[in-house]
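Subject: Structure handover and notes

Hello,

Here is the structure you asked for. My notes follow below it.

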Amino acid sequence: MSTIISVPPQLLLERILTLEIVRVTERAAVSAARLRGHGQEKAADQAAVDAMRRELNRIPIEGTVVIGEGERDEAPMLFIGEKVGINAGPKVDIAVDPLEGTTLCAKNMPGAIATMAMAEGGTLLHAPDVYMQKIAIGPGYDKHLIDIDATPEENIRRVAKAKGVPMSAITALVLDRARHAELIAAIRKTGASVRLITDGDVAGVIHTADPDNTGVDIYIGTGGAPEGVLAAAALRCIGGQMYTRLILDTHEKRNRAESMGVADPNKIYAIEDMAQGDCLFAATGVTDGSLLSGVKFRKDNVIQTETVVMRSVTGTVRYIKADHRQLDKFHLD
């Protein structure tokens, strides 16, 4: 006689959603990957956005996009406030970056990913599309080890001391931007090394969670605020420390932030301020990178993807390698 195991509906739904968001990032990644190396940043981004929107609208949720595509580049958007899902199921906040690293994809360079986070309704920071100062490290350190207002030298010293190594053994990840010239010089002055990335600071922050394999001990610098919230959602699942501050250096930006509920323009946000409650995070590789393998289009009409999916309430991290065998359906759906 078979045994029927009763699963609470809420738990069952949460498990279903874990797989559903994997399908969302897989579809976005495959759609973008078809334009790898074509030099068409906006077209690749649009393909990822369209695929992600289509899949989100099949999920049993009442979803609201609170972190959408960037406005600075006039990118195609899953816009802030957009309702997604079938309007049945739990109310959730959605944060998306359908193609993080549009330039990486356009040039077929390493590190482009499709990524999203889902959290209980009202628990993700509604961050305007402005720059954000960020500093992050992985798990295993004393609380408040790093300080966003401390000098790079002080933060490098603290991390090195906590690891029991000289500062010269520390590697800091920094976006390769002209605005970071003084920061990079200050880090190198300590004896620490700097790893520069051209794009992709969501993946960059995640790299700090596994320094033994990535070689990255700390992330420092400024990047997009939407990407900061996505990275915070990932670290909430796997552990670590992250502190951020919105850069609201114009009247227009301060007004926009205030309209989205930002009361204190100088507030320092920790992970728990950006991603509260239970949240899910997923990312699928578009191009090969140190975090994930990119989409593979095989001659036998099989599409291969690699995705990482995380959940905060359990701390579970799953890497899913999938073979998608119905190429025409997968592409046209």
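Which side chain does the side chain of Asp 199 join in a polar contact of 3.4 Å? The partner is Arg 177. A polar contact is a pair of N or O atoms within 3.5 Å; within protein, one must be able to donate a hydrogen and the other to accept it, and residues adjacent in sequence count only if both atoms are side-chain atoms.

Some ground rules. This is a predicted model: local features need pLDDT of at least 70, side-chain atom pairs count only at pLDDT 80 or more, and totals for chains, interfaces and linings use all residues. Residues are numbered from 1 along each chain as its sequence is written, and side-chain values use heavy atoms, with hydrogens and water left out.

UniProt positions are given in the numbering used here, feature names are shortened, and annotations may be inferred rather than shown by experiment.

Asp 199 lies in the loop between S7 and helix H6 (201-207). Helices (H or I, at least four residues) and strands (E, at least two) are DSSP runs, numbered from the N terminus. Asp 199 counts as partly exposed because its relative accessibility is 21%. The cut-offs: buried means under 20% relative accessible area, exposed over 50%, partly exposed in between (1.4 Å probe, protein chains only). Leaving out residues up to four places away in sequence, Asp 199 touches Gly 101, Thr 103, Leu 104, Leu 175 and Arg 177. Contact means heavy atoms within 4.5 Å.

Asp 201 lies in helix H6. Its relative accessible area is 5%, so Asp 201 is buried. Not counting residues up to four places away in sequence, its contacts include Glu 100, Lys 134, Tyr 219 and Glu 227.

Asp 97 lies in strand S3 (residues 91-100). Glu 100 is in strand S3 too. Asp 97 is buried at 6% relative accessibility. Glu 100 is buried at 3%. A polar atom of the Glu 100 side chain lies 2.9 Å from the backbone nitrogen of Asp 201. Neighbours within four places in sequence aside, Glu 100 is in contact with residues including Ile 113, Gly 200, Asp 201 and Glu 227.

A further "binding site" entry in UniProt, also unreviewed, lists Asp 45 and Glu 69. Asp 45 is in helix H2 (residues 41-56). At 5% relative accessibility, Asp 45 counts as buried.

**The sheet and its helices**

Six strands form an open sheet in the order S7-S6-S8-S5-S9-S10, with mixed pairing. Two strands pair if DSSP finds at least two bridges between them. S7 and strand S10 (268-270) stand at the edges with a single partner strand each, so one side of each has no neighbour in the sheet. Neighbouring strands are turned by 20° against each other on average, direction ignored. Strand S9 (residues 241-246) runs antiparallel to S10, joined by three bridges. Tyr 243 has Ala 270 in S10 as its bridge partner.

H5 packs on the sheet and touches S6, S7 and S8; its direction makes about 150° with that of S7. Helix H8 (residues 225-238) also packs on the sheet, touching strand S5 (131-137), S8 and S9, at about 25° to the direction of S5. Axes are lines fitted to C-alpha atoms, for helices over the stretch in contact, and angles run from 0 to 180 degrees between N-to-C directions.

In helix H5 (residues 181-189), Leu 183, Ile 184 and Ile 187 are buried. They sit on the same side of H5 because they cover an arc of only 95° around the axis. The arc is that of the directions from the helix axis to the C-beta atoms. Exposed Glu 182 and Lys 189 are on the face turned away from the buried side.

**Backbone points**

His 144 has a positive phi of about 60° although it is not a glycine. His 144 is exposed, at 59% relative accessible area.

Best wishes
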